[in-house]
Amino acid sequence: MKAKRVYISGAISGRTLEAAHLQFGLYETKLHQQGYKTINPTRLCPSWLPWSLCMIVDIIALKFCDAICQLPGWEQSNGANIEYHFAKQFNCEVLSVRC
């Protein structure tokens, strides 16, 4: 059976890039341990790329995923809310994974 591809969704803007990388990396490791392949948006866009273009890249990546994993606090993130609504349109499973 093919491993499900999971998009990790959470707040990146408004915090240090190091903090975002750390949190997303912890969940990426946890998902890998459970047998999932992951898309980690902190690795998709260079820091100089505008937010709007990063969101386009992220939504395209999300389109190729089977599920979305939302990190704690995602509800306060404009980008994560956009990703959630697209995930619902793409019929992605919503995973609940806690570290």
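This is a predicted model: local features need pLDDT of at least 70, side-chain atom pairs count only at pLDDT 80 or more; totals for chains, interfaces and linings use all residues.
With the span of H3 settled, its sides come next. Gly 79, Ala 80, Glu 83 and Ala 87 of H3 are buried. Viewed down the helix axis, the buried residues of H3 fall within an arc of 95 degrees, so they line one face of the helix. On the face of H3 turned away from the buried side, the exposed residues Asn 78 and Gln 89 are found. And what covers the buried residues? The cover includes strand E1 (5–9), helix H2 (51–63) and strand E3 (67–70). Just after H3, Asn 91 takes a positive phi of about 60 degrees.

The strands can now be put in place. Strands of a sheet pair through backbone hydrogen bonds, either parallel or antiparallel. Here, four strands form an open sheet in the order E2-E1-E3-E4, with parallel pairing. Strand E2 (37–39) and E4 stand at the edges with a single partner strand each, so one side of each is left without a neighbour in the sheet. On average, neighbouring strands of this sheet are turned by 35 degrees against each other, direction ignored.

The pairings can be followed across the sheet from E2. Three bridges link E1 and E2 in the parallel sense, and Arg 5 stands opposite Lys 37 in E2. Between E1 and E3, also paired in the parallel sense, there are four bridges, with Ile 8 standing opposite Cys 69 in E3. E3 is in turn joined by three bridges to strand E4 (residues 93–95), and the two run parallel; in this pair, Ile 68 stands opposite Val 94 in E4.

Helix H1 (residues 17–33) lies across E1, E2, E3 and E4 and runs at about 160 degrees to E1. H3 lies across E1, E3 and E4, running at about 150 degrees to E3. Together, E3, H3 and E4 make a right-handed β-α-β unit.

Conventions. Residues are numbered from 1 along each chain as its sequence is written. Side-chain values use heavy atoms; hydrogens and water are left out. Buried means under 20% relative accessible area, exposed over 50%, partly exposed in between (1.4 Å probe, protein chains only). The arc is that of the directions from the helix axis to the C-beta atoms. Contact means heavy atoms within 4.5 Å. Two strands pair if DSSP finds at least two bridges between them. A crossover is right-handed if, with the strands pointing away from the viewer, the path from the first strand over the helix to the second runs clockwise. Axes are lines fitted to C-alpha atoms, for helices over the stretch in contact, and angles run from 0 to 180 degrees between N-to-C directions.
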